[in-house]
Amino acid sequence: MIENKKKPNPIDIHVGSRIRLRRTMLGMSQEKLGESLGITFQQIQKYEKGTNRVGASRLQNISGILNVPVSFFFEDAPGESAGQPGMAEASSSNYVVDFLSSSEGLQLNRAFVKITDPKVRRRLVDLVKALAAEAESE
């Protein structure tokens with residue numbers, strides 16, 4: 001029992017990873033987020049690792065700075081019951097989080113949103129689908 005007290009709570013780890021995900025999506029440094037909150041970047045690191053628990057008021061401040069609702073930090077959280085509507089879709093969205101957590105995914109996402117022509121965007125999606133299909137057939 002004492003051993004478990006040293007391990008971060010899975011919810012705290014999840015909330016921290018969602019903070020990191022959103023912060024990196026915005027291209028914001030830990031230092032900048034910390035400055036906006038009046039805390040050090042080391043404290044942001046501890047939040048993101050789940051080592052330190054984020055309090056309710058601090059989480060609300062973070063949601064405002066990162067421009068997402070507080071509920072964003074709890075999406076796909078561990079321990080949600082499988083009987084909830086839409087859970088099959090939610091669990092399959094983990095690949096999106098994994099993708100956006102990667103350097104390549106983040107770069108691709110940032111570049112893609114800069115493309116304003118919908119036809120070019122559609123053709124790019126078609127290209128990626130074709131490449132993926134080709135890779136599967138090999």
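To get my bearings, how many helices and strands are there in the chain? After that, please look closely at the largest nonpolar core: which residues have the most contacts inside it?

Mentor: Happy to! Please keep in mind that this is a predicted model, where local features need pLDDT of at least 70 and side-chain atom pairs count only at pLDDT 80 or more, while totals for chains, interfaces and linings use all residues. Residues are numbered from 1 along each chain as its sequence is written, and side-chain values use heavy atoms, with hydrogens and water left out.

To your opening question: the chain has nine helices and zero strands (DSSP runs numbered from the N terminus: H or I of at least four residues for helices, E of at least two for strands). Read from the N terminus, its elements go α-α-α-α-α-α-α-α-α. The chain has 138 residues, and 26% of them count as buried (under 20% relative accessible area, with a 1.4 Å probe and protein chains only).

Now to the core itself. The largest nonpolar core holds 17 residues (buried Ala, Val, Leu, Ile, Met, Phe, Trp, Tyr and Cys joined through side-chain atoms within 4.5 Å). Inside this core, I19, L33, I62, L66 and F73 have the most contacts. At least two core residues come from each of helix 2 (10–25), helix 3 (30–37), helix 4 (41–49) and helix 5 (56–65). Helix 2 gives the largest share, three residues.

Leaving aside residues up to four places away in sequence, F73 touches H14, V15, R18, I19, L59, I62, S63, L66 and V68 (heavy atoms within 4.5 Å). Among these partners, I19, I62 and L66 are also on the list of residues with the most contacts inside the core.

Next, look for R23, whose place is in helix 2. R23 counts as buried because its relative accessible area is 7%. Again setting aside residues up to four places away in sequence, R23 touches M28, S29, Q30, L33, E48 and L66.

Finally, step back to the whole chain. Of the contacts with a separation of 6 or more, 56% join residues 24 or more positions apart.

Conventions
Buried means under 20% relative accessible area, exposed over 50%, partly exposed in between (1.4 Å probe, protein chains only).
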